[in-house]
Amino acid sequence: MPSPLRPLRRRNFALVWSAALVSNVGTWMQTVAVGVLVTARTGHPAWTALVAAAGFLPGGLLSPFGGVLADRHDRRRLFLVTTLGETACATSLAVLAAGGRATPGAVTLLVFAGGCASALGFPAYQAIMPDLVPRDELGAAISLSSAQFNLGRVVGPALAGIAIAAGGYAWAFGLNAGSFAAVIAALLLLRLPARVPDAGTGSVLARLAEGARATAADPSCRAAVAVISVTALTASP
């Protein structure tokens, strides 16, 4: 029986997994920090809800489009471009916070822009997984990816509290911006097999409809999407 940790012996997977963990911790630091910031500045829970929605709604709305882009374009390049977009948004937040100009409206807009970049890039991260490990290790690789995501959402909020107490909101946002450097470096160091992107013959909407039909026709996929959707809309918030 293969070891559940065997994918970490693969150079490419270890690079991406480690970088994703660092970035995930930074992302959760920012997620907590923006909620605390807008609550402290406004005193209104509606702003807290709005900034949270700005960060997470793009994932549900734009991820399917990100999947189509991941099929049609070079996945590493797509992931790199969207990561650079997230870096720019986090850096802007840090600059605004450091200068005392982080208004709730500006914070919400930047969080929304970063959420859009993440939603378009995350499918490329998922789709690149089969290129990082052999087929018989793919299940273990996916499990390890889930583990690093959950580890990040535990460690990130704790570190956010420390960063805010030690240096203010700018520290939390700046550390998140810096965490993306790990992903960028990992993507630049990857050695992947040559792959010809699927140009596709239909429109983006047609490809989305095709994916929806395929998901609906497969009981396992249908159940997984239903469970994840319910969890994302209820338990996660």
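**A cluster of rings**

Begin by selecting Trp-28, Phe-56 and Phe-149, which ring pairs link into a cluster. What you have on screen is a predicted model, and a search of the whole of it finds 4 aromatic pairs. Look at Trp-28 with Phe-56: the ring centres are 6.1 Å apart and the planes stand at 45 degrees, so this pair is tilted. Because Trp-28 lies in helix H1 and Phe-56 in helix H2, the pair ties together parts that are 28 residues apart in sequence.

Now turn to the rings of Trp-28 and Phe-149, whose centres are 6.4 Å apart and whose planes meet at 70 degrees, so the pair is edge-to-face. This pair links distant parts of the chain, with Trp-28 in helix H1 and Phe-149 in helix H5, 121 residues apart. Is Trp-28 buried or exposed? Its relative accessibility is 13%, and it therefore counts as buried, while Phe-149, at 35%, counts as partly exposed.

**The nonpolar core**

Next, select Phe-13, Val-34, Leu-93, Val-107, Val-111, Leu-132 and Phe-173, which touch the most other members of the largest nonpolar core, a set of 45 residues. The elements that each give two or more residues to this core are helix H1 (11–42), H2, helix H3 (75–98), H4, H5 and helix H6 (169–189), and the largest share, 12 residues, comes from H1. In soluble globular proteins, nonpolar side chains tend to be buried together.

Stay with Phe-13 and show what surrounds it: leaving aside neighbours within four places in sequence, Phe-13 is in contact with residues including Pro-7, Met-129, Leu-132, Ala-141 and Leu-144.

For the pair of Glu-137 and Arg-10, the closest N and O atoms are 2.7 Å apart. Since Glu-137 lies in the loop between H4 and H5 and Arg-10 in the segment before H1, this pair ties together parts that are 127 residues apart in sequence. Glu-137 is buried at 3% relative accessibility, whereas Arg-10, at 34%, is partly exposed.

Then select Arg-75 and Asp-71, whose side chains meet in a salt bridge at 3.3 Å, N to O. Arg-75 has a relative accessible area of 14% and is buried, while Asp-71 is partly exposed at 29%.

For the remaining bridge, go to Arg-207 and Glu-210, where the distance from N to O is 3.7 Å. These two residues are 3 apart in helix H7 (residues 204–217), and so they are separated by about one helical turn. Arg-207, with a relative accessible area of 18%, is buried, and Glu-210, at 45%, is partly exposed.

**Helix H8 and its start**

Move on to helix H8, which runs over residues 219–235. Its 17 residues, at 1.5 Å a residue, should span 24 Å, and because the end C-alpha atoms are 23 Å apart, the two values agree. At the start of H8, zoom in on Asp-218, where a side-chain oxygen reaches to within 2.9 Å of the backbone nitrogen of Ser-220.

**A last look at a loop**

Finish at Arg-135, in the loop between helix H4 (104–127) and helix H5 (138–167). With 77% relative accessibility, Arg-135 counts as exposed. If you draw a line from its C-alpha atom to that of Arg-72, 63 residues away along the chain, the separation is 22 Å.

Technical notes
Residues are numbered from 1 along each chain as its sequence is written. This is a predicted model: local features need pLDDT of at least 70, side-chain atom pairs count only at pLDDT 80 or more; totals for chains, interfaces and linings use all residues. Side-chain values use heavy atoms; hydrogens and water are left out. Helices (H or I, at least four residues) and strands (E, at least two) are DSSP runs, numbered from the N terminus. Buried means under 20% relative accessible area, exposed over 50%, partly exposed in between (1.4 Å probe, protein chains only). A nonpolar core is a set of buried Ala, Val, Leu, Ile, Met, Phe, Trp, Tyr and Cys residues joined through side-chain atoms within 4.5 Å. Contact means heavy atoms within 4.5 Å. Rings of Phe, Tyr and Trp (its six-membered ring) pair if their centres lie within 6.5 Å; planes under 30 degrees apart count as stacked, over 60 as edge-to-face and the rest as tilted. The expected span of a helix is 1.5 Å times one less than its number of residues. A polar contact is a pair of N or O atoms within 3.5 Å; within protein, one must be able to donate a hydrogen and the other to accept it, and residues adjacent in sequence count only if both atoms are side-chain atoms. A salt bridge is a side-chain nitrogen of Lys or Arg within 4 Å of a carboxyl oxygen of Asp or Glu.
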